[in-house]
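Here's a quick tour to read with the model open on your screen. Take the points in any order you like.

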Amino acid sequence: MFSKNYFKVAVIGLGYVGLPLYLQIKEKGIDVIGIDNDKEKINTLIKGKSYIVDIKDKELKKIKNKTFYTDSEFSLVSNCNLIILCLPTPLKNNNSPDISYITKSFKKFRKYLKKDTLIVLESTVYPGATRKIFSKFINSKFNIDDKIDYGYSSERISPGQTDKKKYKISYNDITKVVSANKIYSQKKVAFFYNLIFKKIYLAKNIEVAEMAKLLENSYRAVNIGLVNEFKIICDILKINIHDVIDTASTKPFGFTSFKPGPGVGGHCIPIDPMFVKWIAKKKNYDAKFISLAHVYNQKITNWVLNKILNKLKKVNKKSFKKIILIGVAYKEDINDYRESPSIKLFTQFMDKKFKIDFYDPYIDKIQIKGKVFNSLKNLNQIKGNVAVIVTEHKNIDYKKIYKDSKIIFDTRGVYKNIDSKKIVQL
Ligand SMILES: NC(=O)c1ccc[n+]([C@@H]2O[C@H](COP(=O)([O-])OP(=O)(O)OC[C@H]3O[C@@H](n4cnc5c(N)ncnc54)[C@H](O)[C@@H]3O)[C@@H](O)[C@H]2O)c1
């Protein structure tokens, strides 16, 4: 019924989720365009440059026909029969889901939709959101043929971890969950994603697929919260948390290890579980585990901060010049610092009048309270200063930090096997 040539795809939103997807579709020789409302990003892509660590410039350079456009060219959607939305879904200030990126973009391109088009949402949303957004627009006021169908496919990419050599898993090894509103569109969505991914899983319905994504990320949030609570208790009991985790990890079933850290960041773990809390509350149910994990994952950053401040009180302030945060990305080997705990730490140290700098091989500059701060170019300034290991990037010279710095606050267990007065495990 379908063939590879049947599909004319538009990927809308070319960020951490949309750009890798665009490239995979392109690589399979399927007709695809990519649209983003950020002109700078589009220009960068056209020049063959990448803004995502997992994607190398050479991957972009080798594309002969670069089909990247800004949203001023939304009319191109009229040539497409599969539209995939990879747009942000942050939280509003009151911790409710903000789906306005999707609705605003949809309002702009809906007039270009043609018959037999399928719209697939890849953004993470609360259960019921896909149906609410698209059925409302499609079935009623906008006079669009009811043959336009919709579906949901969760994105399970883990930025920084799809390097086949390092992690033995590449993008299309991850089983792709798909769903759609009608049997015909389920077949279509399944056929398409089977062209790209090695394995797909057709969820029973859209809401199951949406909720499964939230379970995956809530599971992480709760377990990270738990391991960080264990870290605090271990600290009180003077037991090394890393030794505890290594020991528990020898169990071959029923235990999955999570690493403690300075808190959670990124566009998923701090946000997605709150969608569950929000929808449960609407039905008068209080999602206690999720709330507690959220509180703990925030609280742990303050715990780390207070531990550092208490220790520094005992150190002669004149004996070091500054605090250097090692890594500001929210996790290792990526260049994304959205919601990163390091930003909170940086701000707090700044407010407390410490001289503060950061070193991150993946991030040139960060913006805090409207001010731009640049990464140190190298680790030369670490000599005699205080290092706080916030993000465990693999390409950092930890031996130099150990050799040259005055004190190291290690929130990631980089030096877990080194017993030294200089290192404070947090
Ligand atoms: N980053 C991850 O690791 C990850 C993993 C799984 C799922 N997700 C989910 O995927 C979705 C996208 O996340 P992301 O990390 O790729 O976000 P992102 O911010 O990296 O990318 C979103 C892109 O959409 C563009 N955009 C915003 N409004 C637009 C509009 N009206 N028209 C066209 N383009 C527009 C932005 O410029 C940006 O390039 C979110 O729902 C997120 O929760 C993210």
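Let's start with what sits over the buried residues of helix 12: the cover includes helix 11 (288–313), strand 9 (323–326), strand 10 (356–359), strand 11 (365–368) and strand 13 (386–389). Keep in mind that this is a predicted model. The buried residues in question, in helix 12 (residues 341–351), are Pro341, Ser342, Ile343, Leu345, Phe346 and Phe349.

**Around helix 12**

- Just past the end of helix 12 comes Lys353, with a positive phi of about 65°, even though Lys353 is not a glycine.
- Lys353 belongs to the loop between helix 12 and strand 10.
- Is Lys353 buried or exposed? Lys353 counts as exposed, because it has 7 C-beta neighbours inside 10 Å and the exposed class takes 12 or fewer.

**The nonpolar core**

- The largest nonpolar core runs to 103 residues.
- Val11, Ile84, Leu325 and Val388 are the residues with the most contacts inside that core.
- At least three residues of this core come from each of domain 1 (4–203) and domain 2 (240–425).
- As background, nonpolar side chains tend to be buried together in soluble globular proteins.

- Where the two touch, domain 1 puts in 13 residues and domain 2 puts in 15 residues.
- How do the residues on the domain 1 side of that contact divide by class? There are nine nonpolar, four polar and no charged residues on that side.

**Helix 8 against helix 10**

- Helix 8 (residues 206–237) packs on helix 10 (residues 272–282) at an angle of about 110°, and their axes are 8 Å apart.
- At that angle, helix 8 is roughly perpendicular to helix 10, because angles of 65 to 115 degrees fall in that class.
- By class, the contact of helix 8 with helix 10 has five nonpolar, two polar and one charged residues.
- From helix 8, Leu214, Asn217, Ser218 and Ala221 take part, and they meet Asp272, Pro273, Phe275 and Val276 of helix 10.
- In helix 10, the buried residues are Asp272, Pro273, Met274, Phe275, Val276, Lys277 and Ile279.
- Helix 8 and helix 11 are among the elements that cover those buried residues of helix 10.
- After helix 10 comes Asn284, with a positive phi near 65°.

**Loops worth a look**

- Asp333 sits in the loop between strand 9 and helix 12.
- Phi of Asp333 is positive too, near 65°, and this is a residue other than glycine.
- For context, most residues other than glycine have a negative phi.
- Buried or exposed, which is it for Asp333? Asp333 counts as buried, because it has 21 C-beta neighbours inside 10 Å and 20 or more is the cut-off.
- Ser319 is found in the loop between helix 11 and strand 9.
- With 11 C-beta neighbours inside 10 Å, Ser319 counts as exposed.
- How far apart in space are Ser319 and Asn385, C-alpha to C-alpha? The distance is 8.3 Å, with the two 66 residues apart in sequence.
- Ile382 is in the loop between strand 12 (371–374) and strand 13.
- Ile382 counts as buried, because it has 24 C-beta neighbours inside 10 Å.
- Not counting residues up to four places away in sequence, Ile382 touches Ile324, Ala387, Lys400, Ile401, Asp404 and Ser405.
- From Ile382 to Tyr359, 23 residues apart along the chain, the C-alpha separation is 9.6 Å.

**One more helix residue**

- Thr103 lies in helix 4 (residues 100–109).
- Thr103 is partly exposed, since 15 other C-beta atoms lie within 10 Å.
- The C-alpha atoms of Thr103 and Ala293 are separated by 30 Å, and the two residues are 190 residues apart along the chain.

How values were computed:
Residues are numbered from 1 along each chain as its sequence is written. This is a predicted model: local features need pLDDT of at least 70, side-chain atom pairs count only at pLDDT 80 or more; totals for chains, interfaces and linings use all residues. Axes are lines fitted to C-alpha atoms, for helices over the stretch in contact, and angles run from 0 to 180 degrees between N-to-C directions. Helices (H or I, at least four residues) and strands (E, at least two) are DSSP runs, numbered from the N terminus. Angles under 35 degrees count as roughly parallel, over 145 as roughly antiparallel, 65 to 115 as roughly perpendicular and the rest as oblique. Two residues are in contact if their C-beta atoms, placed from the backbone, lie within 7 Å. Ala, Val, Leu, Ile, Met, Phe, Trp, Tyr, Cys and Pro count as nonpolar, Asp, Glu, Lys and Arg as charged, and the others, Gly among them, as polar. A nonpolar core is a set of buried Ala, Val, Leu, Ile, Met, Phe, Trp, Tyr and Cys residues joined through C-beta atoms within 7 Å. Domain bounds come from an automatic or database domain assignment.
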